[in-house]
Amino acid sequence: MVVRILIWSLIDSETTVDGLRQSLPDLESPSEWIWNEGSERFGALVYGEELPEAVGWARDLIGDDPDIYEEFDVLS
């Protein structure tokens with residue numbers, strides 16, 4: 001299984017963490033939206049081979065690709 005971590009900085013964005021929380025659809029478990037309001041960062045922890053459609057919606061709302069995109073294979 002693959003785990004992906006996507007992080008966007010919202011410092012230069014017109015979008016806020018609150019705005020994103022209210023606008024984005026839920027991710028299918030065990031994937032989760034993650035955020036840190038103090039550092040104005042928002043992201044997703046995504047499990048599985050493909051990125052869910054909602055990640056594309058986040059990209060459109062923020063107006064940019066993630067600043068950090070890491071991909072890991074899960075150790076068994």
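Helix 2 is followed by G63, which has a positive phi, near 85 degrees. This is a predicted model, where local features need pLDDT of at least 70 and side-chain atom pairs count only at pLDDT 80 or more, while totals for chains, interfaces and linings use all residues. Residues are numbered from 1 along each chain as its sequence is written, and side-chain values use heavy atoms, with hydrogens and water left out.

Helices here are DSSP runs of H or I with at least four residues, strands are runs of E with at least two, and both are numbered from the N terminus.

Now helix 2 itself. Spanning residues 53-62, helix 2 has A54, V55, A58 and I62 buried, meaning under 20% relative accessible area, with exposed being over 50% and partly exposed in between, for a 1.4 Å probe and protein chains only. Those buried residues line one face of the helix, because seen down the axis they fall within an arc of 105 degrees, taken from the directions from the helix axis to the C-beta atoms. On the other side, E53 and D60 are exposed. The cover over the buried residues includes strand 1 (2-9), helix 1 (17-23), strand 2 (32-36) and strand 3 (41-47).

Last, the start of the chain. M1 lies in the segment before strand 1. Is M1 buried or exposed? M1 counts as exposed, because its relative accessibility is 58%. Leaving aside neighbours within four places in sequence, M1 is in contact (heavy atoms within 4.5 Å) with Y47, G48, E49, F72, D73 and V74.
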